[in-house]
Amino acid sequence: MPVAALHSLPAVLGAGAVRRRAPRHARFGLRASSLESAAPVAVNGEAAAAAVAETTTKKKRRDDDGELVTKQDGQTGLEPLYDDGFGGVTVKDYFAAARAVSGDDGGPPRWFCPVECGRPAVEGAPLLLFLPGTDGVGMGLILHHKSLGKVFEVRCLHIPVNDRTPFEGLLQTVEQSIKYEHDLSPNRPIYLVGDSFGGCLALSVAARNPQIDLVLILVNPATSFAKTPLQPVLPLLEAMPSEFHVAVPYLLSFIMGDPLKMASVSIENNLAPPETLQKLSDSLTSMLPLLSVSELADIIPRDTLLWKLKLLKTGAAYANSRLHAVQAEVLLLASGNDNLLPSGEEADRLFKALKNCRVRYFKDNGHTLLLEDGINLLSVLKGVNMYRRARQRDFVTDYLPPTLSESKKTFDEDNRLFHLALGSVMMSTLKNGKIVRGLAGVPDQGPVLFVGYHVLMGLELGPLYEEFLREKKTIVRGMAHPFLFGGKFESSRQEVSRLFERNQFVLLYPGGVREALHRKGEEYKLFWPDQPEFVRMAAWFGVTIIPFGCVGEDDVLELVLDYNDQKNIPYLREWIASVNQEAERVRDSVKGEDGNQDMYLPALVPKVPGRFYYLFGKPIEMKGMNNVVRDRKSANEVYLRVKSEVQDIMSYLKRKREEDPYRSIAQRALYQATWGVDAQVPTFEP
């Protein structure tokens, strides 16, 4: 494992300013991307419909033959299922790197660019500065260097072991750096990842520089240091002679996290139990000597540790006194098994004190969260939609595709049993009308618009998303109800058109929330408003429309308490009213049930699983159908055709599933027990 190279950067104490000679990615070698919510969402057709009027006048041009010229700008440069390198580095690499850079070189605190990060694959990648914890080495992100380096310019702060720069001096070091970078790129955000003590630094910098666009990622911040279990013994440690300083090993043991979780890094979760146990045993055996007192004391000597504890006290007091001034966007990662700090309680306090704060809890992890198994920092950022390259997040160009490691974790580990239980069957229709298993009938290139029925609670989305990733290596993008992501409807109206401009695969459910949260007895009923604007948009961009249907929800779940039932229960009626009062109304202009987009939470009872069946219909080529753009009657004819085909597809699937000998989970389990769990289970003949 190559040790990160140390470089002096412009804004360092004692370092002179350096002129900007080239883009940052040319000066510093850098380069990484969790599935960005493949969870069920209610994709709404109204946003696409409302966009067509504006898209016909903005950001469009055609060539001399009348063909639409699509835009390719703003691409991230990352392909779906790219290898982010996550999981290839272990805690042993951290200790090796920490020993290599922990020697005293007499220099001041300074920044370095990890060699492992390489060059960012994303144009205009934001800057990420890592502020270390108590060790000060700056290698606390080593497990994440490769993954973060693909989408960030990563720099880490290194504080030499014998450096005694006070907290205000460290604060100036970070502050000078962010001011320098902000002057170079004022519209680009700067991410500060503060680990423990680094969290105090990050908060303090943000409080002093509210005019700079900062995004804070606080990992078990030490703002709660006054409540640490070590607090009562600190005065004794300071007064105790060095030869009797036996408490240092215990202090060091508090700083480190859970050894089992550290040893589990890079061990695959889908191994057989005996193999997993053997690998864990080998990893733990090789790692335990690194956690010995002598090894830790080499990284944090006794005098350095006492100095760092004083810094913690000063930094915590400074940050806490300025929380009210923090304007930055904050993500707080809190461990539930932190032996050094009461991080869980502190997360609750900071959530209330900070103006723009989100919290993610990791109840089984220790203080050194970033060095423990199962924590992919970039996946966490993607999961909370906090990756952006400008002041406002662009949901089209800032989207990061899922990586290979994220796909394996999501589909092969976390949701494996769910997908096995559904036993999904994917079929598509070739241009000659023949139905085949798989996605051969779906074009390999976009733009493509899938229009279909929204299953209860969006249960169909996970298997659909997975199949397109596995077979087509393609991301299917969809527009969700703004309630789910806290977005504004007006700001999202252009997103579908921009996806078409970039030849993307787009998923549209004209029935929206009303379909996904239907009532009892409404399975497979379409709630499509009489608004064919998505057809006109498809014609304008030359999009291929593919009607599709999915059946199986009635074989998996039973709806026992629907919207009408809950409206008759006082407490639930009030809750529904309050939720929908805050939610944005996207179909107020549509009359009747098609326009009723009230959000509620259905009460469901699982059944012994049957099977999900998908069928993608024959592609409808809209290229060259310019009359549809201008003539509402022609657009309505195509709209009714699409709607009719979706209904016919679901009728076909409901009829044909009766012929499937493996519709029941019992038959499928027996087949897979015989032929292997990854064997494709047969189904009916199309």
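In this predicted model, a polar atom of the side chain of Arg 164 lies 3.2 Å from the backbone oxygen of Val 161. Arg 164 is found in the loop between β4 (153-158) and α5 (167-184), and because its relative accessible area is 33%, it counts as partly exposed. Looking beyond residues up to four places away in sequence, one finds that Arg 164 touches Asp 303, Thr 304 and Trp 307. Pro 108, which is 56 residues from Arg 164 in sequence, is 9.1 Å from it in space, C-alpha to C-alpha.

Turning to the aromatic rings, the count of aromatic pairs comes to 21. Among them, Tyr 563 and Tyr 600 form an edge-to-face pair, with 5.6 Å from centre to centre and 65 degrees between the planes. This pair links distant parts of the chain, since Tyr 563 belongs to helix α23 (residues 563-566) whereas Tyr 600, 37 residues apart from it, is in the loop between α24 (570-582) and β16 (603-606). Tyr 563 is buried, with a relative accessible area of 8%, and Tyr 600 is likewise buried, at 4%. The pair of Tyr 662 and Tyr 671 is also edge-to-face, because the ring planes stand at 75 degrees, with the centres 5.4 Å apart; Tyr 671 is buried, with a relative accessible area of 18%.

Ring pairs also link Phe 450, Phe 468, Phe 505, Tyr 509, Phe 548 and Phe 616 into a cluster. Elsewhere, charged side chains meet rings: Arg 477 lies over the face of Tyr 399, at 3.9 Å from the ring centre, and the charged end of Arg 514 sits over the ring of Phe 527, 4.0 Å from its centre.

Terms used:
Residues are numbered from 1 along each chain as its sequence is written. This is a predicted model: local features need pLDDT of at least 70, side-chain atom pairs count only at pLDDT 80 or more; totals for chains, interfaces and linings use all residues. Side-chain values use heavy atoms; hydrogens and water are left out. Helices (H or I, at least four residues) and strands (E, at least two) are DSSP runs, numbered from the N terminus. Buried means under 20% relative accessible area, exposed over 50%, partly exposed in between (1.4 Å probe, protein chains only). Contact means heavy atoms within 4.5 Å. A polar contact is a pair of N or O atoms within 3.5 Å; within protein, one must be able to donate a hydrogen and the other to accept it, and residues adjacent in sequence count only if both atoms are side-chain atoms. Rings of Phe, Tyr and Trp (its six-membered ring) pair if their centres lie within 6.5 Å; planes under 30 degrees apart count as stacked, over 60 as edge-to-face and the rest as tilted. A charge sits over a ring if NZ of Lys or CZ of Arg is within 6 Å of the ring centre and within 35 degrees of the ring normal.
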